[in-house]
Amino acid sequence: LKCPAAHRGEGRGMGRPPKPRRPTAAAKRRPKQGDGAAGQPLRSLLNSVLPDLRHLEAVDTCLGHIRLLVRQTLGETAAVVVQGSYAQGLALRGSDLDLAVVLGEPGLAQGGGAAANQSRRALREVRLSGADAVDRRQAVARLKELAAVLVDVASSEVRIALRIFTAKVPILRLHLTAEGAEGRTVVDLSIAQSLVRGACDRSVYAILKHDRSGSSVSLCRLVKLWAKRRRLTDTLRGGLSSFAFVLLAVFFLQRLPRGREEGKTGSLPACQKILKVAPPAPTVGGCPQPLAAKVSSDDAELASLLAAFFAWAAKELPRLSEHELSVITGKAEPRARGHRGPLFVAVPFAPDENAARCLRMDIWQGTVLPELRRGHLLARRIARRHASDSDRHERAAAVAVRKLFSARGSSAADTGGDSESSPLDMASETSSTRRSSKRRRAAADEMSPEDSRLDEQRRPRRRRAGTPAPEELEATPQSEALRLDAAKASPAIVAPVHRWLGLRALLGAASA
């Protein structure tokens, strides 16, 4: 009798469980379950530029040093207010710490809950139009006092980098090195008249805080990073500031279709629905907590939002050149008379100020708009690649992300986005060109010196476009005259003539 094992084929190895197959190269590159960074180039890029915990602790330490310095130099009533990217909650790794010294704010300088209430009452009483205007001479004098104290102390942790006292807003730039921190922190210190300074940054923080998905914060960071790497934020040369790009991204999210629920899919409410009339009070203590410290949005959603932003900016912003874009109302209203320029982005709680005031028309039309169109092409390519699960499309999406955020002027920037050819196609063309060049070099190495000389003679000579061949010149009377002149001329004159007659013609004329 046959045993049941024989019926199952175990004696011949047929009933045994199959051996696990070796994973292929494509399977190895495929993202594992639970691995959020693999196969997500946009998320990986954002996580790589976010400040880590050690950097945030170093920034808080530097802020404490500056507050102690200000109180000892300018009195106990002087307060330090955080502004810029740290007040917006959108700081990147390496962002400067912008601080403003407000004179005569005892409640804010002391800290605590009473300070917050007092600052809110002060903000309600302040007239928002022109209330932050400070006497430039007084600001320069206060900054000189702080600089003199730092020079006398001669601390190794705080060093004066620049004294920018001739600017419209005088700034004292410092380099601070905190204990245990990697690198240094750049601090820009200015003088303010009231708590309105920095209210525009705090209003952006309040708007973005209402997004529970984190997509709007990720979009603002991506747009800001893209503008910096594409060198569009140089305001001294007529570019847009980083704050203007952030306001444009916020305005775009406020203009999303009403089908999206606010706070869940990146859509943002207008600022007036959140803050009513008074701007938000400054944070007492350290810097505000960064928004979306860990990116949780999917790459497909980020790519679609980024492509939609670039498409909207490239198409709609030129049509809105005669309108005022306001994140307070979330609307584009007709621009008031007296304001010129290709774009007007109203600064929150300072309606007469334009965040795009440094933008020149030639830079707008010749640089910014073409970069927006290029960004739309690459972002749309990333979104299409993420719609497929194949490894080929994932690699193409990663290449497109590198090209989108490459520095302008680099090789990746020069070849990216101007054509609809796939990155993989360009890579295959490059590899085929390399293989053909290798074959030519190998064939040249195998040739003897005599064969290489004959091959060099048989190879057609390259000449400039529109230049007649030597045989064409020989049939004309002008060529005979040129040949005789070349034979009698000096070597200094003969040198450029061989471009027209060829070396053989010159040698023939000289022998004759």
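Predicted model: local features only at pLDDT ≥ 70, side-chain atom pairs only at ≥ 80, totals over all residues.

**Entry 1: Leucine 208.** I began with the neighbours of leucine 208, taking contact to mean heavy atoms within 4.5 Å. Not counting residues up to four places away in sequence, Leu208 touches Gln88, Leu90, Ser216, Val217, Cys220, Val250, Leu268 and Leu291. Residues are numbered from 1 along each chain as its sequence is written, and side-chain values use heavy atoms, with hydrogens and water left out.

**Entry 2: The cores.** Next I looked up nonpolar cores, meaning sets of buried Ala, Val, Leu, Ile, Met, Phe, Trp, Tyr and Cys residues joined through side-chain atoms within 4.5 Å. Buried is under 20% relative accessible area, exposed is over 50%, and partly exposed is in between (1.4 Å probe, protein chains only). The largest core has 74 residues, and Leu208, Trp226, Leu306, Phe309, Leu343 and Phe405 have the most contacts inside it. Helices α3 (41-49), α9 (199-208), α10 (215-229), α11 (242-254), α13 (299-316), α14 (361-386) and α15 (391-404) each supply at least two of its residues. Helices (H or I, at least four residues) and strands (E, at least two) are DSSP runs numbered from the N terminus. I found that α11 gives this core its largest share, 11 residues. Apart from it lies another core of 34 residues, including Leu69, Leu143, Leu174 and Val187.

**Entry 3: Aromatic rings.** I counted rings of Phe, Tyr and Trp (its six-membered ring) as paired if their centres lie within 6.5 Å; planes under 30 degrees apart are stacked, over 60 edge-to-face, and the rest tilted. The structure holds 7 such pairs. Trp226 and Phe245 have ring centres 6.1 Å apart and planes at 85°, so I logged this pair as edge-to-face. Trp226 sits in α10 and Phe245 in α11, so the pair ties together parts 19 residues apart in sequence. Trp226 is buried at 0% relative accessible area, and Phe245 is buried at 2%. Phe252 and Phe309 also pair edge-to-face, at 5.7 Å centre to centre with 75° between the planes. With Phe252 in α11 and Phe309 in α13, this pair ties together parts 57 residues apart in sequence. Both Phe252 and Phe309 are buried. I traced ring pairs linking Trp226, Phe245, Phe251, Phe252, Phe309, Phe310 and Trp312 into a cluster.

**Entry 4: Strand β1.** I checked β1 (residues 79-83) and found 5 of its 5 residues buried. Ala79, Val81 and Gln83 are covered on one side, Val80 and Val82 on the other. Strands pair if DSSP finds at least two bridges between them; 5 bridges join β1 to antiparallel β2 (residues 97-102). Val80 stands opposite Val101 in β2.
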